[in-house]
Amino acid sequence: MRADRVFAYGAAAGLLSDLLLGDPRRGHPVAAFGRAAAAVERVLWRDDRARGALHTAVCAGGAVALGAVAARVVRTSPAASLALTGAATWAVVGGTSLAREARAVGRALEAGDVEAARARLPHLCGRDPQALDADGIARAVVESVAENTSDAVVGALVWGAVGGVPGLLGFRAVNTLDAMVGHRSPKYLRYGWASARLDDVAGWPGARLTAVLATLAGDDPRGAVRAWRADAAAHPSPNAGPVEASFAGALGVRLGGTLSYGGRVEHRPVLNGTGRAVGIHDVERAVRLSKRVSWLALGVCVAARRIAKGRTS
């Protein structure tokens, strides 16, 4: 079986498995990687960029190497190659968990239980929930759904199309390292620099594809294009900017503004300033848009890999 077909069938099976099964409650491969990365950090940590770069190379490089070895072991068996690709895709994507957590917060808000929504929000993002009212929580959920559609699904599919199983595992490793050490805290300002920059690079194509597909699949394509062009560059993240701006325009809502992380207040630019304030019902709309974008991304990545294979044949 050709490599492009292995990726097509395997990635589709993995995405479908995520839809039907979600993430395991225990023993998730990404959690195992996180524990291994934390162990490496305990050995290497110094307040130094070079040590942080070594940490990134060891952990991300190890994930890529593991994927390459596994793919090489099964390369003579189409069935085993397909199964490996499917398992790797299922392990690295997280669209179902993203939707489940977003909807859990949305249901609490619909029931008028703001405290329950605040308690659930940390499962989805790192905002300070106590600083948010119901509308602020809803906005945080929509922003998190937008950003994580790229990080948890589309980016992985893009790198899977480029590099197969090593690409899938490598992207998830880089994204996980950024979440662990890439934030701007005193401890990780230098040590996490390499992980943060590598995540910016790895996330660039997936973020742009997510923005394009959100524009095409949303309710207001012109509004999505307008918000992307006008506001994305002002966002502090080079990848979250296009994604959140396009989602904001596609849904017709305003995102951005003042938020709080770990006691640190940030004043971010408003995205799609002509839109209305986010409402509770927009949580479900964002989840549905995320799902449409995810399946469209699979189709685009499969088609791109097939075209690339045809040109090299």
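**Exercise 1. The second largest pocket**

The second largest pocket of this structure has a volume of about 380 Å³; the model is a predicted one. Describe the lining of the second largest pocket by helix and by residue class.

Solution. 
1. Start at the centre. The lining has 23 residues, and Pro29, Phe33, Ala63, Leu66 and Leu169 lie nearest the centre of the pocket.
2. Assign the lining to helices. At least two residues each come from helix 2, helix 3, helix 4 (78-92) and helix 7. Helix 3 gives the largest share, seven residues.
3. Sort by class. The lining has 19 nonpolar residues, three polar and one charged.

**Exercise 2. The sides of helix 2**

Check the length of helix 2 (residues 29-44), then work out which residues are on its buried side and which are on the face turned away from it.

Solution. 
1. Length: helix 2 has 16 residues, which at 1.5 Å a residue should span 22 Å. The end C-alpha atoms are 23 Å apart, in agreement with that value.
2. Buried residues: with a cut-off of under 20% relative accessible area, helix 2 has Phe33, Gly34, Ala37, Glu41 and Leu44 as its buried residues. These cover an arc of only 100° around the axis, so they are on the same side of helix 2.
3. Opposite face: Arg35, Arg42 and Val43 are exposed and sit on the face turned away from the buried side.
4. Partners: the buried residues of helix 2 pack against helix 3 (49-73) and helix 7 (134-181).

**Exercise 3. The enclosed space**

Find how many cavities of 30 Å³ or more the whole structure has, and state what lines the largest cavity.

Solution. 
1. Count: the search finds one cavity of 30 Å³ or more.
2. Volume: the largest cavity holds about 140 Å³ of space.
3. Lining: 14 residues line the largest cavity, with Asp18, Gly95, Thr96, Lys291 and Ser294 nearest its centre.
4. Origin: helix 1 (3-21), helix 5 (95-110), helix 7 and helix 11 each contribute at least two lining residues. Helix 11 has the largest share, with five.
5. Class: the lining of the largest cavity comprises eight nonpolar, four polar and two charged residues.

Methods:
Residues numbered from 1 in each chain as written. Predicted model: local features only at pLDDT ≥ 70, side-chain atom pairs only at ≥ 80, totals over all residues. Heavy atoms only, no water. Helix = DSSP H or I, 4+ residues; strand = E, 2+ residues; numbered from the N terminus. Expected span 1.5 Å × (residues − 1). Buried < 20%, exposed > 50% of the residue type's maximum accessible area, 1.4 Å probe, protein only. Arc of directions from axis to C-beta. Contact = heavy atoms within 4.5 Å. 1 Å grid on protein atoms, 1.4 Å probe; cavity = no way out; pocket = protein on both sides within 12 Å on 5 of 7 lines; lining within 4 Å. Points joined across faces, edges and corners; volume = space filled by probe spheres on them. Nonpolar A, V, L, I, M, F, W, Y, C, P; charged D, E, K, R; others polar.
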